[in-house]
Amino acid sequence: MYLIGPRYYDLYLQLLKLILPIAITITTIIILIVTIVSGAEKEPIFTIIGDLIERVISGIINAVIQVVFWLTLVLAVVERAEHSTSQRPLALNFEEWTPDDLRESQERPHISEDKKIPRSQIFGSLIWTAIWTTVYFNADKLLGIYQEGQRGGLECTTPVFNQAFRQRLEDMFGGTSALNWLADRQRSCGREYFFGC
């Protein structure tokens, strides 16, 4: 008995190769932005750089562990839920792989240049998402009423947002939206498992 059987193993490796670099890049960008936004209060530059390197390495290790765990769990559940008797490996589009997939065919031409999404747009949207995520999670430190501080700088005396309330809303709506998505997916597939659609 396999955790990831031969039918899903190639798909598993392809998804790991696809998801891991994205997760590592996003984790590194978010850690860098959070470190820059949070700032350091009169610490030596070597301490700041050492802490940053430590956070990046631990964040990358955490991201890799999370991606491998969740991808393994999802594909193990999908494999056990599938009722197909075929043992042919699956491609990224969840269709059975055949040697004909290696050939260039006229039925599946390459995407034209005018329809391709530029890489700058992809990375720009990832960075924009990372910036707004940082602002969202640090809203109580960034947005508020600032007054002259005792050390000559500005200090946030009254934050606009209450992080404890934000966390409760996030937990409530995050769980609700995930359950709604699963229910909608199940209804759209009929009696099939929602992974198989």
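This is a predicted model: local features need pLDDT of at least 70, side-chain atom pairs count only at pLDDT 80 or more; totals for chains, interfaces and linings use all residues.

**Stop 1: helix 1.** Select residues 6-38, which make up helix 1. Within helix 1, pick Thr27. Is Thr27 buried or exposed? Thr27 has a relative accessible area of 18%, so it falls under the 20% limit and counts as buried. Which residues is Thr27 in contact with, leaving aside its neighbours within four places in sequence? Show Gly59, Ile60 and Ala63 to see them.

Stay on helix 1 and move to Leu32. Leu32 has a relative accessible area of 34%, so it is partly exposed.

**Stop 2: helix 2.** Now select residues 45-81, the span of helix 2. Ile53 sits in this helix. Its relative accessibility is 46%, so Ile53 counts as partly exposed.

**Stop 3: helix 3.** Select residues 119-137 for helix 3, then pick Ile131 within it. At a relative accessible area of 33%, Ile131 is partly exposed.

**Stop 4: two distances.** Draw a line between the C-alpha atoms of Ile131 and Ile30: the separation is 7.6 Å. Along the chain, Ile131 and Ile30 are 101 residues apart. Then go back to Leu32 and draw a line to Ala130, C-alpha to C-alpha. That line spans 9.9 Å, for a pair 98 residues apart along the chain.

Note on methods: Residues are numbered from 1 along each chain as its sequence is written. Side-chain values use heavy atoms; hydrogens and water are left out. Helices (H or I, at least four residues) and strands (E, at least two) are DSSP runs, numbered from the N terminus. Buried means under 20% relative accessible area, exposed over 50%, partly exposed in between (1.4 Å probe, protein chains only). Contact means heavy atoms within 4.5 Å.
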